[in-house]
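User: Could you walk me through how the helices sit together here? I have the model open.

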Amino acid sequence: MSTALLPPSAPGTPGAPAAPAAAPEPPRRRAFAGRAPARPTAAATVHSISAATTVLLSLVAIGAALHEPILIPPLAASAALVHSAPTLPLAQPRGVVIGHLLGAAVGYGVLALAGSSAWAAAVAAGATLALVMAARTPHSPACATAVVVVLQTPAPARFVPLLFGSAVLIVLTGYAASRVRRKAPRYPAYWW
């Protein structure tokens, strides 16, 4: 009998032709691998800028009413993170509130041990970074809070409650602002 008359073998049976090998899939690229993020829309930019400016002006007004300056550079950086990058881990409430409190605690600890100097402030910033990372509360402006405490030596009984209230206000305005504009990313990504 001639092999030309035999039906072809089913794939996977002995004597069957081998199935072609599947081409390997190319590795997936991360959304922003090697590239800057997409430019925000004009509406998103205006929304973020106006929300951040509003909360910072509110902090100035509260400070003026209390005769206590509570707008410190780290809080401006926190407001910028919350309102311009609300989905980042650095912008989440846990990091904003607990991060600043840890930064203040480290600042006062270093101040008590080493006094007020640029050297001590640098140590306080580094120690704060280590602590917020270990506590899973990433928030880079907290390092600046430690520096402010060491260099400006504010009275803890007034500074810490104002810092806490300011951080909470930034979080709450981030929450509210994310609900005002329909296309805005929801803030927070997680509370705790």
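Analyst: Axes are lines fitted to C-alpha atoms, for helices over the stretch in contact, and angles run from 0 to 180 degrees between N-to-C directions. This is a predicted model, where local features need pLDDT of at least 70 and side-chain atom pairs count only at pLDDT 80 or more, while totals for chains, interfaces and linings use all residues. Residues are numbered from 1 along each chain as its sequence is written, and side-chain values use heavy atoms, with hydrogens and water left out.

User: OK, at what angle do the axes of H2 and H5 cross?

Analyst: The axes of H2 (residues 73–84) and H5 cross at roughly 170° and come within 8 Å; the two helices are therefore roughly antiparallel (over 145 degrees). Helices here are DSSP runs of H or I with at least four residues, numbered from the N terminus.

User: Which residues make that contact?

Analyst: With contact meaning heavy atoms within 4.5 Å, H2 contributes Pro74, Ala77, Ser78 and Leu81, and H5 contributes Pro141, Ala144, Thr145 and Val148.

User: Switching to H4, which residues are buried?

Analyst: Taking buried as under 20% relative accessible area and exposed as over 50% (1.4 Å probe, protein chains only), the buried residues of H4 are Ala120, Ala121, Ala124, Ala125, Thr128 and Val132. They cover an arc of only 140° around the axis, judged by the directions from the helix axis to the C-beta atoms, which puts them on the same side of H4.

User: What covers them?

Analyst: The cover includes helix H3 (93–114) and helix H5 (141–152), whereas the face of H4 turned away from its buried side carries the exposed Trp119, Ala122, Val123, Met133 and Ala134.

Note on methods
Parallel < 35°, antiparallel > 145°, perpendicular 65-115°, else oblique.
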